[in-house]
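Q: I would like to learn how to read the features of a protein model one at a time. Could you take me through this one slowly?

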Amino acid sequence: MNKKRLLIIDDDSRNIFALENTLRAKSFDCLSCQSAEEALKILNSDKNIKAVLIDMMMPDMDGYEAIPLIKKIPSHESTFIIAVTAQAMAGDKEKCMEAGADDYISKPVDVDKLLLILSKI
């Protein structure tokens, strides 16, 4: 069975650590970075990434700016993008979806819910 490759983008290394360890234990191949700019470089060079988990609130370039740029990469036009955010107010999910996310999960991340979302890829 091939492991599905994921890219985790979050400016907080603790969030990356927790998600990577959890998802690796569930047989996902995880890459990570701490900025959208770095993520764009990785995505331009790695066509095997099947899904992206992106923190929506990051300095410099946030998820709202990054998602449309990710979707413009020819090899990642249909890559599944999950918006991960501490913002859980009314309208936040819709805002993430309008930016181009395929799904949404709020922090703290419910692992069972995340795995259900990832079963779509």
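Q: Which residues does Val52 touch, not counting residues up to four places away in sequence?

A: Contact here means heavy atoms within 4.5 Å. By that rule, and leaving out residues up to four places away in sequence, Val52 touches Leu7, Ile9, Leu43, Ile70, Thr79, Phe80, Ile81 and Ile82. Please keep in mind that this is a predicted model, in which local features need pLDDT of at least 70 and side-chain atom pairs count only at pLDDT 80 or more, while totals for chains, interfaces and linings use all residues. Residues are numbered from 1 along each chain as its sequence is written, and side-chain values use heavy atoms, with hydrogens and water left out.

Q: Which residues touch the most other members in the largest nonpolar core?

A: A nonpolar core is a set of buried Ala, Val, Leu, Ile, Met, Phe, Trp, Tyr and Cys residues joined through side-chain atoms within 4.5 Å, where buried means under 20% relative accessible area, exposed means over 50%, and partly exposed lies in between (1.4 Å probe, protein chains only). The largest core has 25 residues, and those touching the most other members are Leu7, Ile9, Val52, Ile54 and Ile70. Two or more residues come from each of strand 1 (5-9), helix 2 (36-45), strand 3, helix 3 and strand 4, and helix 2 gives the largest share, five residues. These elements are DSSP runs numbered from the N terminus, helices being H or I with at least four residues and strands being E with at least two. A second, separate core has 16 residues, among them Leu19, Leu23, Ile82 and Leu114.

Q: Where is Asp55 found, and is this residue buried or exposed?

A: Asp55 is found in strand 3 and is buried, with a relative accessible area of 4%. Apart from neighbours within four places in sequence, Asp55 is in contact with Ile9, Asp10, Asp11, Gly63, Val84 and Lys107. An unreviewed UniProt entry annotates Asp55 as "modified residue: 4-aspartylphosphate"; such positions are given in the numbering used here, feature names are shortened, and annotations may be inferred rather than shown by experiment.

Q: How do strand 4 and strand 5 pair?

A: Two strands pair if DSSP finds at least two bridges between them. Strand 4 (residues 80-85) and strand 5 pair in the parallel sense over four bridges, and Thr85 has Ser106 in strand 5 as its bridge partner.

Q: What kind of peptide bond joins Lys107 and Pro108?

A: The bond joining Lys107 and Pro108 is cis, with omega about -5°, and Pro108 has its place in the loop between strand 5 (103-106) and helix 5 (111-118).

Q: What is the phi of Ser27, and what is that of Asp60?

A: Ser27 is not a glycine, yet its phi is positive, about 70°, and Asp60, also a residue other than glycine, has a positive phi near 70°. Ser27 is partly exposed, with a relative accessible area of 33%, whereas Asp60 counts as exposed at 72%.
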